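User: I am new to reading protein models. Please go through this one with me, in questions and answers.

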Amino acid sequence: LARVALRNGRLDEVEELALRADRIATDAGDRRMRRMPIHLRAVAARMSGRPDEAQELYRRSIEINEELGEVRMAAVEHRNLAYVELHAGAVERARELFSKAVTQLEGLDVAALAPYLMFDRATVAAIDGDDVDAVAKLAEADRMFQEQGVVPDPDDAEEIESLRRRLKS
């Protein structure tokens, strides 16, 4: 339900449902069940303009996912945290997190994440001041999303549009 609320832009509902699910998982003593509620709480905090809370929740999510051997989700959270760090002005930390995500995914089947990773590469190119490469990588990410029939998650869609606006100006 929280993911549906997220897709519909109802961030207060996302937070409420995710917090409730996190409490239930905590009461049950099941760390695995906490993974998605913490992720959704982090997304809601990030999209609601609470970067410090988002950072803490993404770090907690990374810790749980790594502890449980959930490599894909840990990598996803590294890239999510990278965007929070980037907006906070911690460019080098963001680079490290993007790189860590790619490293974690090496050797895994990550076709579903490929467009997101290409978008990350576009972001890094823009950080480096290579707008030509950034535009090309963003176009490739768009093509990959379309080819896979994927609508980017709202937090990523927001980042994609922000980069697109920056590159057009």
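Analyst: Start with Arg-41, which lies in helix H3 (residues 31-47). Helices (H or I, at least four residues) and strands (E, at least two) are DSSP runs, numbered from the N terminus. This is a predicted model, where local features need pLDDT of at least 70, side-chain atom pairs count only at pLDDT 80 or more, and totals for chains, interfaces and linings use all residues. Residues are numbered from 1 along each chain as its sequence is written, and side-chain values use heavy atoms, with hydrogens and water left out.

User: Does Arg-41 count as buried or exposed?

Analyst: Buried means under 20% relative accessible area, exposed over 50%, and partly exposed in between (1.4 Å probe, protein chains only). The relative accessibility of Arg-41 is 16%, so the residue counts as buried.

User: Which residues is Arg-41 in contact with, leaving aside its neighbours within four places in sequence?

Analyst: Contact means heavy atoms within 4.5 Å. With neighbours within four places in sequence set aside, the contacts of Arg-41 are Ala-18, Leu-19, Asp-22, Leu-57 and Arg-60.

User: Where is Asn-80, and what does it touch, not counting residues up to four places away in sequence?

Analyst: Asn-80 has its place in helix H5 (residues 71-87). Its relative accessible area is 1%, so Asn-80 is buried. Not counting residues up to four places away in sequence, Asn-80 touches His-39, Arg-46, Tyr-58, Asp-155 and Asp-156.

User: Is Asp-52 buried or exposed?

Analyst: Asp-52 lies in helix H4 (residues 51-67). Its relative accessible area is 60%, so Asp-52 is exposed.

User: How many aromatic pairs does the structure hold?

Analyst: Rings of Phe, Tyr and Trp (its six-membered ring) pair if their centres lie within 6.5 Å; planes under 30 degrees apart count as stacked, over 60 as edge-to-face and the rest as tilted. By this rule the number of aromatic pairs in the structure is three.

User: What kind of aromatic pair do Tyr-83 and Phe-98 form, and how many residues apart are the parts it ties together?

Analyst: Tyr-83 and Phe-98 are 5.0 Å apart centre to centre, with 75° between the planes, which makes the pair edge-to-face. Tyr-83 lies in helix H5 and Phe-98 in helix H6 (residues 91-105), so the parts tied together are, in sequence, 15 residues apart.

User: What are the ring geometry and the sequence separation of Tyr-116 and Phe-145?

Analyst: The ring centres of Tyr-116 and Phe-145 are 5.0 Å apart and the planes are at 85°, so this pair is edge-to-face. Tyr-116 is in helix H7 (residues 114-127) and Phe-145 in helix H8 (residues 131-148), and their separation is 29 residues.

User: Which residues do ring pairs link into a cluster?

Analyst: Both Tyr-83 and Phe-98 are buried. Ring pairs link these two and one further ring into a cluster, whose members are Tyr-83, Phe-98 and Phe-119.

User: How many helices and strands does the protein have?

Analyst: From the N terminus on, the elements run α-α-α-α-α-α-α-α-α. The count is nine helices and zero strands.

User: What radius of gyration does the protein have?

Analyst: The radius of gyration is taken over C-alpha atoms, and the globule rule is 2.2 Å times the number of residues to the power 0.38. With 169 residues, a compact globule would have a value near 15 Å, which agrees with that of the protein, 16 Å.
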